[in-house]
Amino acid sequence: GDRNDSINNTASAQQIHQLVEQLEDLGASWSQLPFPKHYYVAIKAWAKTAKPSYPSKSSSSPDVQTDAEVHCENLLHQLEARHLGTTGNHDQDPRNNEGDVLHVSGTPYERLLWVLAQAGKGGRARDLLMHFMSLQAQGFVTPYGDMNPYWNHALNAYFREGRTDSVLKLWGEMQAAKIRPTLFTYSIVLRSLAQSSKPTAAPQAQAIWERMLKSDLRPTANHYGAVMAAWSRSRDKNAPRKAQAVLQKLEEMYSLSNNSHDLRPTP
């Protein structure tokens, strides 16, 4: 079951981590060991042990870290120290003895961002995202694929904390950075607005949904549902009519799509 999978994932991560530590001992006489890929594998192994968490606003503590967070952060710190010549505080120029820039893949950063998202650590996820983008701007790291997953993880971390204002602020920064949103990006932002009690939440959700309709991304039933949920919390006297209009649009799109599963209205 899930418990056995969790135990097996943790045991595997511990074994891989021990191998990296052994390679670090060897690296004392050969500075290139462990190679970046060794750290990547260890970080990915620990990331698999992370479990989703939804801390309440009153009880969440950013100071309490899971094993996955601790080990992934330590490994990334070691990777940077060995292969970028920095401890993560930019106290050294990440170049080798010949002055050549050393490149590191964005994979371990993306995995740690995902771990922080699972733990609902929005502030730390944003800090890591900004740190990664700084290294990227200097040419020291290279994203693995598009940049939107990195931003999505940071947005998701804030969402899991219930910090709608922080989600919207980061969403604005994402647009300013010209990072293309995905369906998941819109889902996080709309669901954040749906759980907000602010009077501006529903109109904002409506505007973002209408923007989606004009884009090349087709909203799913979940996006429509989030907009309706936002209106259901609104005290606007026209909120019921606006929610019904969204539902009617969903029914229309469901019919035009030949009853596509991802547009099917649910009870």
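1. A salt bridge here is a side-chain nitrogen of Lys or Arg within 4 Å of a carboxyl oxygen of Asp or Glu. Glu73 and Arg124 form such a bridge, with 2.7 Å between the closest N and O atoms. The pair links distant parts of the chain, since Glu73 belongs to helix 3 and Arg124 to helix 5, 51 residues apart. Glu73 is partly exposed, its relative accessible area being 25%. The model is a predicted one, and the points below should be read with that in mind.

2. On the overall layout: the protein chain contains 11 helices and 2 strands. Read from the N terminus, the order of elements is α-α-α-β-α-α-β-α-α-α-α-α-α. Of its 267 residues, 45% count as buried. Among contacts with a separation of 6 or more, 66% come from residues 24 or more positions apart. The chain exposes about 14,400 Å², and carbon and sulfur atoms supply 49% of that area.

3. On the remaining salt bridges: the whole structure holds 10 of them. Asp262 pairs with Arg218, the closest N and O atoms being 3.1 Å apart. This pair also links distant parts of the chain: Asp262 sits in the segment after helix 11 (239-256), while Arg218 sits in the loop between helix 9 and helix 10, 44 residues apart. Asp262 counts as partly exposed at 33% relative accessibility, and Arg218 counts as partly exposed at 41%.

4. An α-helix has 3.6 residues a turn, so residues three or four places apart point the same way. Lys249 is partly exposed, with a relative accessible area of 26%; Glu252 is partly exposed at 41%. Elsewhere, salt bridges with shared partners join Glu69, Glu73, Lys121 and Arg124 into one network.

5. Helix 4 (residues 107-119) deserves a separate entry. With 13 residues, helix 4 reaches 19 Å from its first C-alpha to its last, close to the 18 Å expected at 1.5 Å a residue. Helix 4 is mostly covered, with 11 of its 13 residues buried. The buried residues include Thr107, Glu110 and Gln118, as well as Leu112, Leu113, Val115 and Leu116. The buried residues of helix 4 pack against helix 2 (36-47), helix 3 (67-83), strand 1 (104-105), helix 5 (122-137), strand 2 (141-142) and helix 6 (148-161). Just after helix 4, Gly120 has a positive phi of about 70 degrees.

6. Which residues touch the most other members of the largest nonpolar core? They are Tyr109 and Leu129, in a core of 69 residues. Tyr109 is one of the buried residues of helix 4. Leaving aside neighbours within four places in sequence, Tyr109 is in contact with Leu76, Glu80, Leu84, Val104, Leu128, His131, Phe132, Leu135, Val141 and Tyr150.

7. On aromatic pairs: the count comes to 4. The Phe132 and Tyr150 rings are stacked, because their centres are 4.9 Å apart and their planes are at 10 degrees, where the cut-off for stacking is under 30 degrees. Phe132 lies in helix 5 and Tyr150 in helix 6, so the pair ties together parts that are 18 residues apart in sequence. Phe132 is buried at 0% relative accessible area, and Tyr150 is buried at 1%.

8. Trp209 and Tyr224 make an edge-to-face pair, with 5.5 Å centre to centre and 70 degrees between the planes. Trp209 is in helix 9 (residues 201-213) and Tyr224 in helix 10 (residues 221-233), so this pair ties together parts that are 15 residues apart in sequence. Both Trp209 and Tyr224 are buried.

9. Is Pro181 buried or exposed? Pro181 counts as buried, because its relative accessibility is 13% and the cut-off is under 20%. Pro181 is placed in the loop between helix 7 (164-176) and helix 8 (183-194). Not counting residues up to four places away in sequence, Pro181 touches Trp171, Met174, Tyr186 and Leu217. The C-alpha atoms of Pro181 and Met147 are separated by 9.7 Å, and the two residues are 34 apart along the chain.

Technical notes. Residues are numbered from 1 along each chain as its sequence is written. This is a predicted model: local features need pLDDT of at least 70, side-chain atom pairs count only at pLDDT 80 or more; totals for chains, interfaces and linings use all residues. Side-chain values use heavy atoms; hydrogens and water are left out. Helices (H or I, at least four residues) and strands (E, at least two) are DSSP runs, numbered from the N terminus. Buried means under 20% relative accessible area, exposed over 50%, partly exposed in between (1.4 Å probe, protein chains only). Contact means heavy atoms within 4.5 Å. The expected span of a helix is 1.5 Å times one less than its number of residues. A nonpolar core is a set of buried Ala, Val, Leu, Ile, Met, Phe, Trp, Tyr and Cys residues joined through side-chain atoms within 4.5 Å. Rings of Phe, Tyr and Trp (its six-membered ring) pair if their centres lie within 6.5 Å; planes under 30 degrees apart count as stacked, over 60 as edge-to-face and the rest as tilted. Accessible areas come from the Shrake-Rupley method with a 1.4 Å probe; for residues, only the protein chains shown count as cover.
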